[in-house]
Amino acid sequence: MTTEQFEPEIIAFCCEYCSYAAADLAGSIRMSYPPNIKVILVPCSGRVDPVYLLHALEQGADGVYVTGCMEGDCHFLTGNLKAKKRVAYVRKMLDEIGIEQDRVQMFNIAASDAPEFARVAKMMTEKIRALGPNPMKKNVPSRPAQGISGP
Amino acid sequence: MKAETNLQKILARGTFAVTCEINPPRGTKVDAVRENAAGFKGKVDAVNVSDNATASVRMSSWAVSKILLDAGIEPVLHMVTRDRNRIALQSDLLGASALGIQNVLCLTGDHPARGDHPEAKKVFDLDAVQWIAAVKQIRDQGTLMNGEKISGDPGFFIGAVANPFVRSLELHILRLQKKIVAGAEFIQTQPVLDMEHFKAWLNQAIAEGLTDRCPIIAGVIALKSAAIAEDLRHSVPGMMIPDSVIERLSAVPEDQQLDEGIKMCVEKIQTLRETGGVGGVHIRAPGCEEKLPEIVEKAGLLPRPDVS
Amino acid sequence: MIIAEHKPMKELLAMIEGFNNILMVGCKGCVTVCNAGGSKEVAILSAALRIARRRQDKPVTIDEFTLDRQCEPEFISWLDEQVKKKKYDAIMSLACSIGPQYIAEAFETVVVLPGLNTGFMGGTIEHGIWGEFCAGCGDCVIQDFGGLCPITRCAKGLLNGPCSGSVDGKCEVNKDMDCIWELIYERMKNLGQVDRLAEMIGAKDWSTSLSGGPRKIIREDLTL
């Protein structure tokens, strides 16, 4: 498949108080952004656990990003700072296992900043398109390996 | 048996003592040791031989001490507790005694992390204070640390070190006192470059009556160059070299820095001679040990008394 | 608690080379508290390893499970059924080193791999930072040092410290480390015990520590 035909599938974890509001606003004012972005609402970017980012990639997402409030404006005070560190942790881990770090990123978007939401969506779509499909696309399991049942 | 070493007799008489220090070679070639030894004869009262200083492998201190003895020089054997447990320390002490070595400097030693084999396992079975007590026990009671009697009647003149350039004066003076109570009979300090700081420590030691019980031999250092001084600052734990010293050396062209370093060392010796409570000087000349005789002469410390 | 951290990814990948059906077992004890081997960390590391292996075109199955503790044979036995059923060719333990050793004893024919580097006995300093506080010498005398342990927290383990390398209140080994002897001094001043610092603490009997070999503690009143 050539890169022009490749349509990346990108998951975006968006925090309710700021970035999801921005996404909503973009929609309301008919500001377009690529359909490649699948938004998942979280109450706070600090809700995002590193394992969500890894599972997203494991299940075939070509890219995944987290959007939170502007630093200093997090509704839960430090959720976006925690998310920033967790995203950095996952990026480093990806680098150590041979996956491009840039498939995972974090952005800070204010509630009223619909244009920024659209810009990030467009930018990430093009960035991931350039990186190419998730290297594991060939062997995508229907769901990750399950835990075994305990007593 | 009380040792009656040259250094001991000089200090006992109240004469201003002069000692210097050498680092054993990193290898088996001992020519430089023998050459320097020839130069030291009659110029100093005893020569310290370091024990894997800065936790870096060198020929063993007792081996080089024996070489000095054979060359007619009285050694001061350094024994650090970093590398050997109490079994090995006592064993080496007995061996050193059999070889004729009697001055023993007991110290903890620099941490392996700062040395050339940072992955080595640290020992520190004992610390300096406990080791001083153990050496005293071997000498005065003729027993090992476990109470068992030894054969022979070894004599030791026990020394310890002190660093006057520390933050909590009371804490370090208490430790100095502990060493003296444990059995230290002479103290050698880190090189004195900051007189004010040194005097604060010394005056406290005098006030506690420690200098009456145990002579303090102040360290001095001949810095070969500003570059060496800068390097020593960072590489040797406890070495305190003020900016003014580096500046003074840097102000002089490189080929004259050694002479300036010697000049500064001589000046310091003269100052210390006039300072009450100082029992002697311990001269270090890293990288220029051959200049030691010149330093001693310029400082007006010759001739050394013959106390045999 | 026991503080550990997971081995570098490169090392973990090298360890699982050649194994295709792995069970990763976490522990809800100490390693959960220090974020090294709890159920979350099992999920993260197993996902990362699966991703890495698929990237190499050598997919691996890594099942995930977390036991209450791995330092208890009874809890290890909860793995019995699954291990027999799934016939894993390796079990990676994310507990401290006690875990993999217990698992190895329970499953003699399965390769057991330690996923963590076990560090030390310590506690939380702040979120995400843990420090070493106890070296397990077997004969605790911290009351002689104002409640601080110089064996663990003095780089040289001095009982009659500080050493000459203690400059500006910092340890000669690491300028970011406080000289514990300065801290002991401050505490003993607060306790009015400074005069005790003048008394020599004698040589330690190390035979109660690991130096004397691996130790056991037996409570006769509790054995059946």
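The buried residues of helix H2 of chain A pack against strand E1 (10-15), strand E3 (63-68), helix H3 (79-96) and strand E4 (104-108) of chain A, together with H3 of chain C. In this predicted model, H2(A) spans residues 50-58, and because 7 of its 9 residues are buried, the helix is largely enclosed by the rest of the structure. The buried set is made up of A:Pro50, A:Val51, A:Leu53, A:Leu54, A:Ala56, A:Leu57 and A:Glu58. Just after the helix comes A:Gly60, which takes a positive phi of about 110°.

Helix H3 of chain C, one of the elements that H2(A) packs against, covers residues 39-55 and holds C:Ser46. This serine is buried, with a relative accessible area of 0%. When neighbours within four places in sequence are set aside, the contacts of C:Ser46 are with C:Met24, C:Ile62 and C:Glu64.

We can turn next to the interface of chain B and chain C. Here 34 residues of chain B are in contact with 32 residues of chain C. The size of an interface is often given as the accessible area lost when the parts come together. For chain B and chain C the buried area is about 2,700 Å², with carbon and sulfur atoms giving 55% of it. The count of salt bridges between the two chains is 0, whereas 19 residue pairs are found in polar contact across the interface, both residues of each pair being at pLDDT 80 or more. On the side of chain B that touches chain C, at least two residues each come from helix H5 (128-140), strand E5 (157-162) and helix H6 (169-182) of chain B. H6(B) gives the most to this side, with 8 residues. By residue class, the side of chain B that touches chain C divides into 14 nonpolar, 10 polar and 10 charged residues.

A search of the whole structure finds 0 disulfides over all chains. C:Cys137 is in no disulfide, and the nearest cysteine sulfur to its own is that of C:Cys149, 6.3 Å away. A disulfide is a covalent bond between the sulfur atoms of two cysteines. The cut-off applied here is 2.5 Å between sulfur atoms, and for C:Cys149 likewise the nearest cysteine sulfur, that of C:Cys137, lies 6.3 Å away. With a relative accessibility of 12%, C:Cys137 counts as buried; C:Cys149 is also buried, at a relative accessible area of 15%.

Terms used. Residues numbered from 1 in each chain as written. Chains lettered and ligands numbered in written order. Predicted model: local features only at pLDDT ≥ 70, side-chain atom pairs only at ≥ 80, totals over all residues. Heavy atoms only, no water. Contact = heavy atoms within 4.5 Å. Buried area = accessible area lost by both parts, 1.4 Å probe. Salt bridge = Lys/Arg side-chain N within 4 Å of Asp/Glu carboxyl O. Polar contact = N/O pair within 3.5 Å; in protein donor to acceptor, adjacent residues only side chain to side chain. Helix = DSSP H or I, 4+ residues; strand = E, 2+ residues; numbered from the N terminus. Nonpolar A, V, L, I, M, F, W, Y, C, P; charged D, E, K, R; others polar. Buried < 20%, exposed > 50% of the residue type's maximum accessible area, 1.4 Å probe, protein only.
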